[in-house]
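Trainee: Could you take me through the labels on this structure? I want to set each value against its cut-off.

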Amino acid sequence: MSLASEAEAVEQAYAEWQRSVAGVLAKSRRVDAAELGPEPQKLLETVTYDGVTVAPLYSPRDERPEQTLPGSFPYVRGVDAHRDVNAGWLVSAQFGTTSAADTNRTILDSLENGVSALWLKAGVDGVPVADLAAALDGVLLDLAPLTLDAGAEASAAARAVLALLDARAEAGDGVSDRSSIRVHLGAAPLTSSFSGAADVDLVEAVELAALAAARTETVHAITVDGTAFHNAGAGDAEELGAAIAAGLEYLRALTAENGLTIGAAMQQLAFRYSATDDQFQTIAKFRAARLVWARIAQVCGASDFGGAPQHAVTSAAMMAQRDPWVNMLRTTLAAFGAGVGGADAVTVLPFDVALADGTLGVTKSFSSRIARNTQLLLLEESHLGRVLDPSAGSWYVEDLTQQIAATAWEFFQEIEAAGGYLAALEAGIVSDRIAATKAKRDSDIAHRKTPVTGVNEFPNLGEEPLSAAAVEPGQVVARYAAAFEALRDRSDAFLSAGGARPTVLLAPLGSVAEHNVRTTFASNLLASGGIDAVNPGQLEVGADAISAAVKASGATVAVLCGTDKRYGENAAAAVAELRAAGITKVLLAGPEKAVADATGENRPDGFLTARIDAVSALTELLDFIETGSSK
């Protein structure tokens, strides 16, 4: 078949699929197919928070030019052409929240059980700087790369670790290739200035970079921490755009008069990005991150130095306090996406990271082991590291990669047009853009357009209440579940004060087949706000059933559940009976048009549909119940 005839066949197949789409959509929407226009498939497209369009189907029509092999500019497929496929990416874990001796024991045990990279907290919130040598006793840094996280004490911690390397070299540590020792000093002043985290200033970071550049070991002084933007609510492209803008600001500082060469400066940077449970978005994000940074390197005349290391951390923002066991599924998807996307090291946060230690009655070692084993299962049983960039050639992933990269580059250019990263930060351009994305996501979650399993969908109202002390103090992460969890906190307080949760009576009308869909919907919706829905079963209008159900429930709020047809026949009478029995607020599960003829006292006080702002509606309902119970 010639190329022309092959292309014609592809177009014919796509046109046939379009006609099928039009037929299905026309039937579901009860319109003529011609009314859907020439491109009915656009009705099935989704748009990400970055404005990237995801099509419902990808075909040879979406094919893009093949990318270069891993290790070659622009590094889309990975920065290391010779990565050990038997080992895969580095399994990183966090340490340092205990004493130096305990930290050392935990590190050595973890290294024996699969961890291959260390992320060590030091200074005020971690191992004291003076005790770093003890914490790293017996740790072979040529086999297990080290990343420091010391905040404002980054300079002191870095010098302590470098002194340790010197002492080991003088003692003859047996490392012939000093470049095999890899250390990230973790200075991150520019991204910390956005998040408000304590850190060294830019001058100290530049001094550390000069010190690191003179080492024979592979030392990266600066971490461009994109998670600072993600945790504030940024979309993926926004995280990348802001990160590369910060990276370029570092390059300018590092190469200022009498500074490093551009190549040496680029070798001082490493990037950290968040990985979410949207696996394909995460895969494309890490590939796009390498592409945009390679473009920076190219413009700077240093294309060969454009392959910066990437450290993936599973998103702290996606972690939930309620039904936290679901977090294991979220982190598994995130680790999968980051690993397949080519991250050099991956850290899986413990599933209970959004809660204070011990809240769930499990040890810290248990949750850390689950986090570590999540990666080991992906690597050693699913063999995900055996192929470099396994998603290469996927029409969907390749298109998504390019779109994310292009959108990130646009945001980067907006920052540059404002005078660069620091100027854009001061002008509020970065924070305003991220705040707008956060507001859009919060709205989607509040309206339950974006599900958060165990929180705004399928909540477990029977789980143990959380105490005020259970919430990890000092969190600055804009967690997706926060608004619904605040409602659940109110429910827990109500339970603690009165011995029962806020309660609403469901008033099912008609047979189970008639009311089941809406009683299920209402129960799920109410539970997401911590409200217990009492379902007495079918209630007959005109009998004593409604009065008896109200008395048994003790509720002052009721929700009518049934079909639109049943509402037309019985809703007005049911509302009247509910009010007569003592119900002071009657809601209807369904649209207002279902009771368009109801007036006065026979009309429901509100309507629960899939399109409402659930957070606002549930807040109002809790206010009403709490006020009523306090009288």
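What follows is a short exchange about those labels.

Mentor: First, the ground rules. This is a predicted model, where local features need pLDDT of at least 70, side-chain atom pairs count only at pLDDT 80 or more, and totals for chains, interfaces and linings use all residues. Residues are numbered from 1 along each chain as its sequence is written, and side-chain values use heavy atoms, with hydrogens and water left out.

Trainee: Why is C561 called buried?

Mentor: Buried means under 20% relative accessible area, exposed means over 50%, and partly exposed is in between, with a 1.4 Å probe and protein chains only. C561 has 0%, so it is buried. C300 has 29%, so it is partly exposed.

Trainee: What makes the pair F73 and Y75 edge-to-face?

Mentor: Rings of Phe, Tyr and Trp (its six-membered ring) pair if their centres lie within 6.5 Å; planes under 30 degrees apart are stacked, over 60 edge-to-face, and the rest tilted. By this rule there are 12 aromatic pairs. F73 and Y75 are 6.2 Å apart, centre to centre, with 85° between the planes. That distance passes, and the angle gives edge-to-face. F73 is partly exposed at 27%, whereas Y75 is buried at 5%.

Trainee: Why is the pair F194 and F229 called tilted?

Mentor: The centres are 5.0 Å apart and the planes meet at 45°, so the pair is tilted. F194 is in helix 5 (residues 189–195) and F229 in helix 7 (residues 227–230), so the pair ties together parts 35 residues apart in sequence. Helices here are DSSP runs of H or I with at least four residues, strands are runs of E with at least two, and both are numbered from the N terminus. F194 has 19% relative accessibility, so it counts as buried. F229, at 0%, is buried as well.

Trainee: Which residues form one aromatic cluster?

Mentor: F271, Y273, F286 and W293.

Trainee: What lies over the face of Y14?

Mentor: R61 does, at 3.9 Å from the ring centre. The rule wants NZ of Lys or CZ of Arg within 6 Å of the ring centre and within 35 degrees of the ring normal. R441 has its charged end over the ring of Y49, 4.8 Å from the centre.

Trainee: How do you know that the span of helix 12 is close to the expected one?

Mentor: The expected span is 1.5 Å times one less than the number of residues. Helix 12 (residues 364–381) has 18 residues, which gives an expected 26 Å, and it reaches 25 Å from first C-alpha to last. H383 follows helix 12, with a positive phi near 60°.

Trainee: What covers the buried residues of helix 12?

Mentor: The cover includes strand 3 (90–95), helix 2 (100–112), helix 11 (327–340) and strand 10 (345–347). Among the buried residues are S367, R372 and L379. L379 has 10% relative accessibility, so it counts as buried. Contact means heavy atoms within 4.5 Å. Leaving aside neighbours within four places in sequence, L379 is in contact with A87, G88, W89, V91, L384 and G385.

Trainee: What makes a set of residues a nonpolar core?

Mentor: Its members are buried Ala, Val, Leu, Ile, Met, Phe, Trp, Tyr and Cys residues, joined through side-chain atoms within 4.5 Å. The largest has 164 residues, and V559, L560 and L578 have the most contacts inside it. Helix 8 (residues 236–254) gives the most to this core, with 11 residues. A second, separate core has five residues, including V21 and L25.
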